[in-house]
Amino acid sequence: MPEAQGPCPMDPGQMDAALKRLAVDLMARLQPEEEVVLLGIRSRGLPLAERLAILLRAATGAQVPVGSLDITLYRDDLTEMVGSPIVRPTEIPFTLKERTVVLVDDVLYTGRTVRAALDALLDHGRPHRVMLLVLADRSGRELPIQADLAGLRVEIPPGHRVAVKLKEIDGEDSVTVEAC
Amino acid sequence: MTAERYVFPHKHLLGIEPLSPQDITALLDQARAFEEVCERPSIKIVPALRKKLVVNLFFENSTRTRNSFEIAEKRLSAEIINFDADTSSLNKGETLIDTAMNLEAMHPDLIVMRHSAPGAHALLARHMKASIVNAGDGAHEHPTQALLDAYTLRKHFGKLEGLRVAIVGDIRNSRVVRSNLWLLTRMGAKVTLVGPPTLVPQEMKATWPSIDISHDFDAVIPKQDAIMMLRAQFERGTGAYIPGQGEYSRFFQLNPARMQRAKKDVVVLHPGPINRGLEITSEVADGPRNLILDQVTNGVPVRMAVLYLLSHPHGEQVP
């Protein structure tokens with residue numbers, strides 16, 4: 001796992017390698033009989049989940065279903081925000097029952113997004129188990145939540161953010177650390 | 001995760017008239033997200049309005065709209081008080097302002113009101129801190145009905161701009177038509193009002209210059225993408241404006257013979273409740289081209305979107 005080095009801890013090649021490694025690590029964590037689905041947390045978790053599904057298919061030949069989860073309505077600060085966060089549809093075109101759900105997001109920070117995602121997820125069904133996979137796991141947790149799999153673990157001070165850019169949304173792949 | 005935010009610039013939804021095309025588009029887009037909540041196979045509730053108090057104040061009869069709002073509120077986890085005008089202190093002579101002041105003491109966040117007096121909502125908005133949602137005021141506006149009509153049309157056709165829509169029947173007494181005229185013309189649809197001269201006030205052309213007015217339903221039908229039938233509102237005096245129900249039906253009823261003249265892919269809407277056999281026959285109301293029950297279904301996510309966007313601090317409070 002690469003250590004954060006300066007302002008640009010992941011270039012496109014490193015991101016590609018990290019995702020391949022995450023796909024391998026994920027397969028190693030699964031039992032042969034487990035039926036796995038990927039749920040990308042909108043917005044950047046979704047393209048990451050789609051890329052992982054392609055990698056998993058290339059490795060195993062199995063088609064892993066991909067859905068998306070919008071956690072906006074489950075945010076614990078929703079009623080205090082000025083202006084309404086834009087809500088986009090959640091799309092889970094398959095059952096969660098008896099499935100192993102891998103939640104996919106770009107950055108794990110305070111843990112509040114993942115808490116909201118778990119609430120949203122459980123409103124859609126009762127999976128067999130839930131795993132959390134993130135591209136970047138940074139310091140600053142406010143809730144007792146941890147990633148099962150992370151492409152990068154970064155210790156960065158408060159007042160900084162991990163910015164993930166993805167080709168599908170931003171036109172380029174990169175992970176940088178920026179001052180807020 | 002960073003939340004992209006939209007600041008809905010209105011504190012109240014008093015009508016469609018004050019809304020810009022961007023406001024309307026935002027409401028319809030948000031309704032799409034809430035439709036997903038309504039279609040879930042499991043739990044159809046989200047915590048978006050948790051800890052918010054919504055008061056439903058219905059001073060006029062309503063089944064569809066009131067139930068639709070109440071379902072929308074419950075699906076957003078709001079706390080709800082239903083204020084029943086029949087058993088309220090209004091029967092003891094209390095004024096609307098007094099009622100408002102008493103409600104204000106309960107610190108509601110949103111008030112959904114139906115009232116027979118046009119402008120009653122604007123009066124309430126001046127006396128209360130809560131956001132006011134107009135669920136129908138006399139013959140003035142019924143904004144959530146127009147929004148759900150637009151949502152239904154946009155969902156079916158993929159757009160509103162350029163659609164040709166005929167609104168047919170008791171135009172004079174309809175608050176639905178006024179809200180729809182503001183909305184559809186603002187979003188680029190081409191609207192034709194159809195009805196007997198006594199029920200289609202010519203002065204509506206002054207407010208909405210782009211509309212057409214016709215008294216010949218048969219001539220209008222072949223050009224339309226959508227036909228929106230209105231209920232003949234005899235409780236509001238429609239009977240005084242027409243020679244009789246038989247003659248009204250002869251010229252303005254949507255029936256299988258008239259549907260034969262329409263485009264093959266025309267759709268039929270009606271805000272309900274339907275006078276079966278008067279403005280529309282059962283064959284058409286239950287037929288393959290009708291979107292009438294879709295309108296009812298779509299009312300819930302549309303009202304969820306309205307309540308959601310009004311429940312956050314608004315433009316003037318944005319730092």
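Which residues lie nearest the centre of the second largest pocket?

## The model

This is a predicted model, in which local features need pLDDT of at least 70 and side-chain atom pairs count only at pLDDT 80 or more, while totals for chains, interfaces and linings use all residues. Residues are numbered from 1 along each chain as its sequence is written, chains are lettered from A and ligands numbered from 1 in the order in which they are written, and side-chain values use heavy atoms, with hydrogens and water left out.

## The second largest pocket

The residues nearest the centre of this pocket are Arg114(B), Arg175(B), Arg231(B), Gly272(B) and Pro273(B), which belong to a lining of 22 residues. On a 1 Å grid over the protein atoms alone, a pocket is an open set of points with protein on both sides within 12 Å along at least five of seven lines, a cavity is a set where a 1.4 Å probe fits but cannot get out, and lining residues have an atom within 4 Å of a point. The second largest pocket holds about 460 Å³ of space, where a volume is the space filled by probe spheres set on grid points that are joined across faces, edges and corners. Helices H2 and H6 (175-186) of chain B are the elements that give two or more residues to the lining; helices (H or I, at least four residues) and strands (E, at least two) are DSSP runs, numbered from the N terminus.

By class, the lining has 4 nonpolar, 11 polar and 7 charged residues. Here Ala, Val, Leu, Ile, Met, Phe, Trp, Tyr, Cys and Pro count as nonpolar, Asp, Glu, Lys and Arg as charged, and the others, Gly among them, as polar.

## Annotated residues in the lining

An unreviewed UniProt entry gives the annotation "binding site" to Arg64(B), Thr65(B), Arg114(B), His142(B), Gln145(B), Gly272(B) and Pro273(B), and the lining of the second largest pocket takes in each of these residues. UniProt positions are given in the numbering used here, feature names are shortened, and annotations may be inferred rather than shown by experiment. Thr65(B) has its place in helix H2 (residues 64-75) of chain B.

The unreviewed entry also lists Lys92(B), Arg175(B) and Arg231(B) for "binding site", and of these the pocket lining includes Arg175(B) and Arg231(B). Arg231(B) is found in the loop between strand E9 (226-229) and helix H9 (245-252) of chain B. Leaving aside neighbours within four places in sequence, Arg231(B) is in contact (heavy atoms within 4.5 Å) with Asp170(B), His270(B), Pro273(B), Asn275(B) and Glu279(B).

## Backbone details

Most residues other than glycine have a negative phi, and most peptide bonds are trans. Gly272(B) and Pro273(B), however, are joined by a cis peptide bond with omega about -10°, and Pro273(B) is in the loop between strand E10 (267-269) and helix H11 (282-285) of chain B. In chain A, the peptide bond from Arg42(A) to Ser43(A) is cis, with omega near 10°, and Ser43(A) lies in the loop between strand E1 (36-41) and helix H2 (45-60). Lys51(B) has a positive phi, near 75°.

## The largest cavity

The count comes to 1 cavity of 30 Å³ or more, and the largest cavity has a volume of about 50 Å³. Residues of both chains line this cavity, including Asp70(A), Tyr74(A), Arg88(A), Glu36(B) and Arg40(B). The lining divides into 7 nonpolar, 1 polar and 4 charged residues.
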